[in-house]
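Here is a short note for a colleague who is new to this structure. Please read it with the model open.

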Amino acid sequence: MFLSYKNKNVLHKSYDTYDYEISLIGNPNVGKSSIFNCLTGLKQHTGNWSGKTVENAIGYYEYNNKVVKAVDLPGTYSLRYDSKEEIEACEYIKNGKSDCIIIVADATNLERNLNLILQVLSISKKVILCLNMIDEIKKNNIAIDIDELSLQLGIPVVCTSARNNEGLRQLRAVIEKFINGEIQIYEVDSIKRVFHEKDVEKQAENIFKKCSDIYKLCVKTEAETNFTRNLKIDKILTSKKFGIPIMCLFLLLLFWITIFGANYISEWLSVGFKYISKILLELFSLINLNEYVISFLIDGVYNTLTWVIAVMLPPMAIFFPLFSIMEDIGYLPRIAFNLDSGFQKCGTNGKQALTMAMGFGCNACGVVGCRIINTERERNIAMLTNNFIPCNGRLPSLIAILTILISTSSIILNTALTAVSLLLIVLISVLVTFIVSKVLSLTIYKSKSSSFVIELPPYRKPKILRSIVYAMKDRALSILLRAIAVAAPTGAIIWLLVNIKVSGISLLQYCTTFFDPIGNILGLDGVIITAFLLGFTANETVIPVILMSYTSALTLTEYSSYTALESILTQNGWTLTTAICFMILVIFHYPCSTTCLTIKKESGSNLLTFVSMILPTAIGICLCLLVNIISTYIV
Amino acid sequence: MNDKEITLDKLKIGELSKISHIDIDSKKMYNRLLDLGFVKGSTIRALFKCAIGNTVAYLIKGTVVGLRSTDTKRIYVDIV
C-alpha cells in the first residue's frame, strides 16, 4: 500500500507536460522493457520470459531540451485479435496519439518479428524499427543488411543492445530527427498489397510469405550453434527422469544459499543495531527525554523496525537477486512447460506456474502477473490460489521457526536441513494449489479446458553482477522503506497497547485473552492470533508483534538472535505443536492488505476478493485443528 | 488428404514437416497460432516432450513453442 508494484522506483521525476509522445510495441520477450528502462531510467522489472510486462508503463526522458513521454505497451504478437492487452496496443497505435511508434524486434528472430512489423506498417506511418539484441547476432554469425532492411520496410532502422546499453544514444537521436520530419519515410507498395486480402488465413499466409521474402533479402547467414546447445540443455531439463528433480534441486539450492547467507547478515545487522540503540539511549537520556517517550521510541518503534530489517531483510535481499538470475536465464517458461500437464488435469494451465513463481517474490506481483493467463476463469483460479505460495514477507518467518526447531552440531547441516524443510513446505503449498485449483475448476469455475501456448525463449547468459546489484538495490530499498512505513507504526501501536492499562490490565492483554480460547483450539494462543490480525498490514510484522506481546515490549538485549527468539517462545508455552500450527497459519491465511487491494483491482469483484481471504484462512484453520487434535492424542 | 498428412501430435521427435491446415475451434487460439507462423507451408519440427504429460515443444519460424496434444491433434501437417 505504500510501495505498490507500480511505483517500484519512487525516485523518478514525473512531468506534467511533455513535448512529444512515443510508444514502444513489439513481440513479447524482445527486450522492449529493457529499451524502455534505458530510455527513461525507470526500473521496470524485466525477465527472460514472455508476458513479463503486463500493463502500460509510462516514463519520461529529456533530449535536446525537449521532454519526451514514453509509453511501453505490453508485448503482442499481432494487432489483430482479442486479448485485452493486444486490443489496447492496437487502439493506442490507431488513435495516433504517439508522435512516433517504436517497434522493438528481436534481431535473432527477425522473420517472426516481421509479422508484427508489417501489421503496424499497414496501420501507421509514424514508425521506427529498433532491432534489439544485436549482440546476440554477432555471437551467432548472423549478418543483417540494415540498409536493405530499411529499404524494404521504408522506415529507419536502429540497432541496439539494451543489455549492454548500446545504440540507445543513436535511438534517441533518430527519434528526434524522425519527429522533426528530418527522415524520409515511404510506403512500400508490396507491403500494402499484402493487406488487401481480407480473408484472415490467406492474409496471414501472405504476411508470412512477405516476411520470408524480406528475411531472405536482408539476412545473409544462418548459424544454429547456440540453438543446438539450447536444445541439449532443454532435453535434459524437460526429460522424464531429470526434469522435475532438477526443478526441486534448483529451488533447494536457492533456499539453502538464502538461509546460509541470511544467518550471517542477520547477526551483523543485529549487532550493529544493538550498538546504535545504546547510543540512542544515551542521547535521549542526555536531553532528558521522558522515560516513557524513550521506551516508546526505543522499545516500541526502534526495536520492531530493526527486528524487521535485521531478520526479514537479509533473506529477501538474497533470495530476490538469485531468483532474478534464474529468471534472466530463461528457466521459468521451462517450469511452466513441464508442469502444464499437471495444471491441465486441475483445469488450469502451466502459466499459473509462472504466477506462482512471481508469488515467491510478492503475492501482489503474482496476482498482477495473472494477466498473462488468457481465460478469465483460469485467471481467477490463479488469483485465488496465489497466496498459498509463501511470499518474501513470510519466508523469513518460516525460516526463523525452522531454524529454531532444527539444531544439530554443524551449521552446514543445520542450514541444509532447514532448506530441505522449507522446500517440503513449499511443495506442500504447491500440492494444495493443485488440489484447490482442481476443486475450483470442478465447482465454481466449471468449463472445458482451454488451449495453451508457451514460448520457450533461448537461454541467456545472465548478467550476474548487474542482476545482484540491481535486485539488491531495488529490493533492499523497497523493503527498507516498507519496514519504516509499516513496522515502525506497528511497533508504536503495540507499545501503546501494551502500556495503556485499564484496571491494571493492558489493552493488549484484553485483546489476547479474548482470542486465547480460539487460539487454543488451533494449537496456538491469543497472542499469535492477535499478531496475525495485525499482520494483515504486512506479513513481516507477525513475529515482531508476537515477541513484543510476550515481552510486554520491554527492552531486550539479545532481541534479534534466534536463540533469544527460542527462549522467549518456550518461556511462553510454545511447543512443537505450536510451531507447526504457526507455520501452517503463516502459509494458509488471508493475503496481506496490499495483495487484497490488488486482487480487488485486478478482478473488479468484491466477491472474489472476499473468497480469496476466506479460502486460505479456512484451510489454515482446518489444518491447525487437525494437527492439534492429532497431537493431543499422541502425547 | 494426401498419404503423408498426419496430425501434429503424431509427429515424432526430431521429425520435420510442413503445415497443411488448422482445424481449431477457438478463434483466439487460431489467431494466436497464425501469428506464430502456423500458416500453410511453414516448416515445423518437433523438438522435445515435457517431463510429465503430452505437451511438446516445436520449432516454427525460429521460435520454440510448447503446445498441448489437445491442440496439436487439430493441426494437420505433411511429413517432409
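**Notes on the fold**

1. Among contacts in chain A (heavy atoms within 4.5 Å) between residues at least 6 apart in sequence, 75% join residues at least 24 apart.

2. This is a predicted model, where local features need pLDDT of at least 70, side-chain atom pairs count only at pLDDT 80 or more, and totals for chains, interfaces and linings use all residues. Residues are numbered from 1 along each chain as its sequence is written, chains are lettered from A and ligands numbered from 1 in the order in which they are written, and side-chain values use heavy atoms, without hydrogens and water.

3. Chain A holds 25 helices and nine strands. These are DSSP runs, numbered from the N terminus: helices are H or I with at least four residues, strands E with at least two. The radius of gyration of chain A, over C-alpha atoms, is 27 Å.

4. Of the 635 residues of chain A, 57% are buried, meaning under 20% relative accessible area with a 1.4 Å probe, protein chains only.

5. Now chain B. Strands pair if DSSP finds at least two bridges between them. E2(B) (residues 16-22) and E3(B) (residues 43-49) run antiparallel, joined by three bridges. B:Lys18 faces B:Thr43 of E3(B).

6. E3(B) also pairs with E4(B) (residues 56-60), antiparallel, over five bridges. Here B:Arg45 lies opposite B:Leu59. Six residues separate the two strands of this hairpin, and B:Gly53 in the turn has a positive phi of about 100°.

Methods: The radius of gyration is taken over C-alpha atoms; the globule rule is 2.2 Å times the number of residues to the power 0.38. Buried means under 20% relative accessible area, exposed over 50%, partly exposed in between (1.4 Å probe, protein chains only).
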